[in-house]
Amino acid sequence: MENFDYDLQSVQETRNLARQAKLAQTQLAKFNCEQIDVIIRNMVKVAEENAVSLAKMAVEETGFGKVEDKIFKNRFASTELYDFIKPMQTIGVIKDDKVNKLIEIAEPVGVLMGIVPSTNPTSTAIYKSIIAIKSRNGIVFSPHPSALKCTLQAARLMNDAAVAAGAPANIIGCISKPSMNATNELMKCDEVAMIIATGGSAMVKAAYSAGKPALGVGPGNVPAYIERTANISKAVKNIIASKTFDNGTICASEQSVIVEECMRDQVMEEFRRQGGYFMTPAETNQVAKKLFVRGHAMNGKMVGRSAAVIADGAGIAIPPGTKVLLGEQQGVGEEYPLSYEKLTTVLAFYTVKDWQEACDLSIKLLNNGGVGHSLSIHTENHEMVMKFAEKPVFRILVNTASSQGGVGASTGLSPAFTLGCGTWGGSATSDNVTPLHLINIKRVAYGIKDFTENTTPSFSASVAQSASLSGISDDQIMNVVNEVILLLKKRGDN
């Protein structure tokens, strides 16, 4: 196709990948549990063997995050994920209700389209490949152009590992000539049955407008509230560990810290002690100007960068060893740029009078680009946890690092790199996406009630039958029934 324009080559490649995946998935749909498990185990093995090289590729290509944390992500998306999903029933009869005579049978969705973000380019590809195969689906990836090489390599490794263990050829594909035309073609082609979109808001909205089932996730903008009963040292340690994990590239990472007046000084001192730097108003403005372009869109050169890189880019001096930059904000919205999502090592800092004010501020922050996603609270008061559980999010993360907690690394949530935001956030699910979201369930239902004859007794007949057993005459029964009917009519309850 060397004589064709790039966009035409891109679209044709996409069509070929979708057709090949469809043929492969039709064969995979016939595999049993044991065959699928053998395939996944080999995929996990290969992911483990290449966790380091893929992490290095991702950082080198995108400039985002840290190699050691991307290694963890790659392993989490394979080994930890496998341990969690191994007992899941996704094939054949998954439930047999003897009492209600109802049998549930799992069927694969078909071919999936996986949209992969540049912030988590290899771990997301590994994760989506494994959950797709677990549910006997094929998958074709649309990589972010700035992370093409590493995503393509991750997809190739997963496909080769699956095929080597018995899967049909081309069960996992990836576009090597990315373009918007190719992405749109893949979204709308007949072979694709469902879209799993992880990425920017525009891409997720496009996935939902493609005219087919989609699982998309929105931005986070997670507020972290340190309540007055919290262990301050531990809370700050968790927040810094989360925000510096892969330099804040996980959408569940904290974006704002909220503290009460009574503990403001203690919290600020603890942040400074653990590597936080509180910027002056002028420095905050300088950093904000570097962080965002075209309104609230993150500057790619600042995504997933260390505090030192951001400070240097903004022309401000910070102490050696600084881990996160904090800027005080007095409100939410256009005039307060740090109130928006920042996928890097920068936090907004807010002071409130009490928990009620913290509640109101949390809702404003969530409605500023993070509704439905996650909220973090540090407290020793369970009643306070339940008050904040009323907020419009689907992950309330308590006394833990929000990044690790949201993806299920430090909590009991399902291990995932696609975190649904529910209807509040414009998502079809509020869950951490697992293979159970990628199956159809057919139901075999036996008749358990006979409706061939009208065997339901009338109200008066039922009362009469019951009364006769008690020795009451038919005339007495009908008098009672008539009085009840008359009373109901008077009350207007016919």
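Thr344 is in contact (heavy atoms within 4.5 Å) with Lys243, Asn247, Gly248, Leu291, Met298, Met302, Val303, Gly304, Arg305 and Ile310, leaving aside its neighbours within four places in sequence. The model is predicted: local features need pLDDT of at least 70, side-chain atom pairs count only at pLDDT 80 or more, and totals for chains, interfaces and linings use all residues. Residues are numbered from 1 along each chain as its sequence is written, and side-chain values use heavy atoms, with hydrogens and water left out.

**Thr344**

- Thr344 is placed in the loop between strand E13 (324–328) and strand E14 (346–352); strands (E, at least two residues) and helices (H or I, at least four) are DSSP runs, numbered from the N terminus.
- The relative accessible area of Thr344 is 0%, so Thr344 is buried; buried means under 20%, exposed over 50% and partly exposed in between, with a 1.4 Å probe and protein chains only.
- A polar atom of the Thr344 side chain lies 2.8 Å from the backbone oxygen of Met302.

**Strand E13 and its partners**

- Of the 5 residues of E13, 4 are buried.
- E13 pairs with strand E10 (residues 276–278) in the parallel sense over 3 bridges; two strands pair if DSSP finds at least two bridges between them.
- Val324 in E13 has Gly276 opposite.
- E13 also pairs with E14 in the parallel sense, over 4 bridges, and Leu326 stands opposite Leu347 in E14.

**Leu17**

- Leu17 belongs to helix H1 (residues 6–28) and is buried, with a relative accessible area of 15%.
- Leaving aside neighbours within four places in sequence, the contacts of Leu17 are Val140, Gly173, Cys174 and Ile175.
- Leu17 and Phe141 are 124 residues apart along the chain, and their C-alpha atoms are separated by 9.4 Å.

**The largest pocket**

- The largest pocket holds about 1,200 Å³ of space; a pocket is an open set of points on a 1 Å grid over the protein atoms alone, where a 1.4 Å probe fits, with protein on both sides within 12 Å along at least five of seven lines.
- Its lining consists of 43 residues, and His144, Gly199, Gly200, Ser201 and Leu343 lie nearest the centre; lining residues have an atom within 4 Å of a point.
- Helix H7 (180–188), helix H8 (201–208) and strand E12 (297–298) are the elements that give two or more residues to this lining, with the largest share, 3 residues, coming from H8.

Technical notes: Grid points are joined across faces, edges and corners, and a volume is the space filled by probe spheres set on the points. A polar contact is a pair of N or O atoms within 3.5 Å; within protein, one must be able to donate a hydrogen and the other to accept it, and residues adjacent in sequence count only if both atoms are side-chain atoms.
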